Amino acid sequence: QAKIECDDQNDGSCNVRYWPTEPGEYAVHVMCDDEDIEDSPFMAQIVPDSGTSRPEQVKAYGPGLEKSGCIINKPAEFTVDAMDAGNAPLKIFAQNVEGEPINVKVKNNGDGTYACSYTPTSPVKHTVAVAWGGVNVPNSPFRVRPDPQLTPLKSPLIVVKTFMQERRTWSA
């Protein structure tokens, strides 16, 4: 049996980590009211650490991973910096609260960094998981809630720009 740690996120979700004691196949049961949720148990194949990757050294950051501030129907961008993380595959998975997958575009910049983006289409919570060599990077998964009030016509940048243009008109 693996050591398990569960952190309530106070938003209807939780982060769960577990530490298997040996390689092999593990059944991960996710339960609610003493019943497995749909599709549980989830099977996880645990392999020995190859020692060639360091997922704890990966940095994932940018507006597309912040709790708020994303705009519906506009690309939410973020960067994954794996320059100090060794050699491993990057895997990014995103879904909305209904469990619908969200397409994430990933561009390898060729220098150990990756430019990533996805487009939220509704004002519901989205979860973005970033893994390096099959292991979540620090702070992953990221929980993002696109703001229904932020639209391209109402963004603070445009309001400030409009104010400055009006001000220049008055001072001219």
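User: Is Val28 buried or exposed, or something in between?

Analyst: Buried means under 20% relative accessible area and exposed over 50%, with partly exposed in between (1.4 Å probe, protein chains only). Val28 comes out at 24%, so Val28 counts as partly exposed. Keep in mind that this is a predicted model, where local features need pLDDT of at least 70, side-chain atom pairs count only at pLDDT 80 or more, and totals for chains, interfaces and linings use all residues. Residues are numbered from 1 along each chain as its sequence is written, and side-chain values use heavy atoms, leaving out hydrogens and water.

User: Which residues is Val28 in contact with, leaving aside its neighbours within four places in sequence?

Analyst: Contact means heavy atoms within 4.5 Å. On that basis Val28 meets Tyr18, Ser40, Pro41, Phe42 and Ala44, with neighbours within four places left aside. The C-alpha atoms of Val28 and Phe42 are 5.0 Å apart, although 14 residues separate the two along the chain.

User: And which residues have the most contacts inside the largest nonpolar core?

Analyst: In soluble globular proteins, nonpolar side chains tend to be buried together. A nonpolar core here is a set of buried Ala, Val, Leu, Ile, Met, Phe, Trp, Tyr and Cys residues joined through side-chain atoms within 4.5 Å. The largest one has 23 residues, and Phe78, Val80, Ile92, Tyr118, Val128, Val130 and Trp132 have the most contacts inside it. Not counting residues up to four places away, Val128 touches Leu65, Phe78, Ile92, Phe93, Ala94, Tyr118, Ser140, Pro141 and Phe142.

User: How much of the protein chain is buried?

Analyst: Buried residues make up 28% of its 172 residues.
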